[in-house]
Amino acid sequence: MEAFFRTHRYLVEHVNAPVHRILMDEINWSDRMIGIKGPRGVGKTTFLLQYAKEHFDILDKQCLYINMNNFYFQGHGIADFAGEFYRRGGRVLLIDQVFKQPNWSTELRKCYDLFPNLKIVFTGSSVMRLKDENPELNGIVKSYDLRGFSFREFLNLLTNNNFKPYSLDDIIQHHEQIERQILPKVSPNRYFQDYIHHGFYPFFQEHRNYSENLLKTMNMMTEVDILLIKQIELKYLTKIKKLFYQIAEDGPSKTPNITKLSQDIETSRATVMNYIKYLTDARLLNLIYPVGQGIPKKPTRIMLQNTNLMYAIYPIQVDKQEAMETFFVNTMWKDHQVNTGTRDCNFLVDERLKFRIVDAKAVDRCRFSNEIIYARYNTEIGKDNQIPLWLFGFLY
C-alpha cells in the first residue's frame, strides 16, 4: 500500500494542469460512484490528479490514485484493494483505466455495497457503455464525458486569459456584446487555425511531434479500446482501420456509400454499420442523421470527430469548408443535437435552429435569410444573425 501512496504523491506533485477543465465544476462530487469517460488523449489521468491536488493535501492518505495498468492488479481485485485502503482510513479512491481489470463492474458494485463511506471516481474509454452493458451499475454510477480542449480552453492556455463559457442561447442573442468583451484582450483569429490543426488534444503541449503522437493515439483507440472492450478478434483490426481511412479520405461532404465501403473491406453492410458505430463510440467519427433517425440506419454524412484528426490522416487534402463544418459539429455535440440541414442550411441544431457555415470573405454569394444563423469564418466580428464561427468554441 505504501508503494501506491508514494506513486500517488509523486504524480499529484508533478501534475501539469494549467487549464481548469469545466467538467470539474459540472460533476456532483458528493456522489459515491462517479465514472468519467472519454477518448484517449483528452486528459483523463490529468483530470483525476488535478482533482486530488485541488481537494486533498498531498500527504493526506484519505485519497489515493491507482492505475489498472499496474501488474499488481493482475492478481488482485479492485474490491480487495479498496477494502484494505478503506480499513486504513481511505475515503476517496481514484481508479484510472478501470476497464483493464477483469470483471471491473462487478468489483465496483462490491465496493459500493461493502464500503458505504468510500467514494470511487474512475475513468474509462468512451467506447464503454456503463449502464447498457453493466446492469449491476444501474442506479449507482453517475457518468460524465471528458472532451478534448475547446477553443476557449486552448485560448485561455495560450494567452493567460480566463474567458468563461457561454450557452448557445447567450451566443445567439448576445454575441456582439460577448465579442466586445473578448476582442480587446485577444485576437481569436491569430489562434483559431492552430486550434483547428493541433489544439483539441492536450498533449499538443508536449515536446513531441503532434501528428505522430495523434496517429499513435488513434491506433490505440482501435487496437485496444475497440478490440478489447468490444471483444473483437484481432484479425478484423485491418478491416476497421481500412474503413476508417476510407471514410476520412472520402470526406464528409457526400452521402456515404455503405455498399461500396462493404465491398472495399470485404464484409457485409451490417458489419460496416457496426464498425462505424464502434468508431463513433471511440470518438473518431460523428454521424449526421435526419431528424428522428439514427443507428443502425445509414447516416447522411459521416464526419471525423474533430479537425485535428483531418490533418493527421490526410493533411494535403483538408478542405477549409469541411474543416470549419467539422469544428462546428464537434463543439455543438457536447450539449446539443445536430441533424441534417434542409436545402438552405448545413445543419439543424436541437431540431429548431438552422445553421449555415460560410466564409466571410465570400459572403456576397449568400442570399441571407432571417430564419438562418450564419456561422462565419475568416472574421472576428458578427452582426445580427451573422456570428463569427470561433465564438461557438466558447460553448464549453
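**Entry 1: helices on the sheet.** I began with helix α7 (residues 168-182), which lies across β9, β10, β11 (372-377) and β12 and runs at about 75° to β12. Here contact means heavy atoms within 4.5 Å. Helices (H or I, at least four residues) and strands (E, at least two) are DSSP runs, numbered from the N terminus. Axes are lines fitted to C-alpha atoms, for helices over the stretch in contact, with angles from 0 to 180 degrees between N-to-C directions. I then looked up helix α14 (residues 320-332), which lies across β8, β9, β10 and β11 at about 145° to β10.

**Entry 2: basis.** I note that the model is predicted, that local features need pLDDT of at least 70 and side-chain atom pairs 80 or more, and that totals for chains, interfaces and linings use all residues. Residues are numbered from 1 along each chain as its sequence is written, and side-chain values use heavy atoms, with hydrogens and water left out.

**Entry 3: the sheet.** I found an open sheet of five strands in the order β8-β9-β10-β11-β12, with mixed pairing. Its edge strands, β8 (338-340) and β12 (386-388), each pair on one side only. Neighbouring strands are turned by 35° against each other on average, direction ignored. Two strands pair if DSSP finds at least two bridges between them. Strands β9 (residues 347-349) and β10 (residues 353-359) run antiparallel and are joined by three bridges. I traced L348 to its bridge partner in β10, K354.
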